[in-house]
Amino acid sequence: MALRYMAVRGMRRALTFGAIACLATGAFAQQFVTDGLVTMYTLDEAHVDGDVITDIISGNDGKIMGGGPAFVDGVINECGEFDASGGYIEIPNLGDWTSVTLECWAMQHAFAGIQGIVSTWAWVAGKVHFKFQDNEIQVDKNAGSKIRMTGPEENVWYHIIYTSDEDSAELKLYVDGEFIAEGGGGNNPENMQERRIGSEHDGRFLNGKVDEVRIYDRVLTEDEIAQNFEVDSNTLSVDPAGKIAMTWGRLKNLAR
Ligand SMILES: [Ca+2]
């Protein structure tokens with residue numbers, strides 16, 4: 001973990017020098033927000049090793065369970081495609097957090113009741129259920145209220161972010177960079193002791209895809225959320241020369 005942290009620090013330092021160089025030349029590839037970023041699963045094939053899903057930030061590696069997903073073309077490189085047959089990815093115990101921003105791209109292939117996105121098995125204080133339910137995207141923190149976006153379509157990618165904060169007791173939902181809804185989240189810390197990608201309370205497995213999961217230990221601002229919606233790379237480096245190619249790759253995958 002320490003080595004990875006040092007590597008990230010080194011990359012951030014390189015990013016700073018790269019940014020200065022790019023500002024001098026007028027070219028800049030947008031970077032996702034790294035301040036407060038604790039865990040990130042690209043779900044790229046390059047970051048899958050056997051039944052381990054690599055956390056490229058801090059070593060909170062996920063584990064493939066129940067056969068897991070297939071890895072197919074996603075928003076950025078590959079994503080996890082789940083078939084509702086019992087496969088999911090287990091995120092290790094991350095403890096209790098005061099503030100959380102959880103972000104991913106997700107789609108469901110067919111409306112079929114409740115389907116977990118990055119959700120939880122148990123339903124106890126501070127747990128957040130993050131899921132599709134028929135034609136809604138829903139976020140619900142135990143001891144708070146359920147917030148939702150109605151009208152997502154089948155087989156369409158959505159960039160989804162929720163934020164939760166113990167002190168303000170606020171829970172907020174953003175989709176495709178836009179604020180959607182807010183509600184009460186209760187004054188409990190967010191319970192991150194057990195979390196899973198592609199499953200929900202009592203199973204409720206996803207029939208769809210998830211890509212680029214990022215977890216922050218603070219509430220991102222609306223500008224930062226809009227920034228993350230726009231990024232088209234999951235690398236921690238500035239690569240102006242590759243920006244056009246990466247943008248084309250993302251558009252091509254979104255069209256599938
Ligand atoms: Ca990916």
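1. Two strands are taken to pair if DSSP finds at least two bridges between them, and strands themselves are DSSP runs (E, at least two residues) numbered from the N terminus. In the hairpin of β16 and β17, 2 residues lie between the strands, and Asp176 takes a positive phi near 50°. The two strands, residues 170-175 and 178-184, pair in the antiparallel sense over 6 bridges; Glu170 stands opposite Gly184 in β17.

2. The model is predicted: local features need pLDDT of at least 70, side-chain atom pairs count only at pLDDT 80 or more, and totals for chains, interfaces and linings use all residues. Residues are numbered from 1 along each chain as its sequence is written.

3. An open sheet of 4 strands runs in the order β10-β12-β13-β14 with antiparallel pairing. Strands β10 (114-116) and β14 (146-150) are at the edges, each with a single partner strand, so one side of each has no neighbour in the sheet. Within this sheet, β12 (residues 128-133) and β13 (residues 136-141) pair over 6 bridges, and Val128 has Lys141 in β13 as its bridge partner.

4. Asp167 is found in the loop between β15 (158-165) and β16. Asp167 counts as exposed (12 or fewer neighbours) because it has 10 C-beta neighbours inside 10 Å.

Technical notes:
A residue is buried if 20 or more other C-beta atoms lie within 10 Å of its own, exposed if 12 or fewer, and partly exposed in between; C-beta atoms are placed from the backbone.
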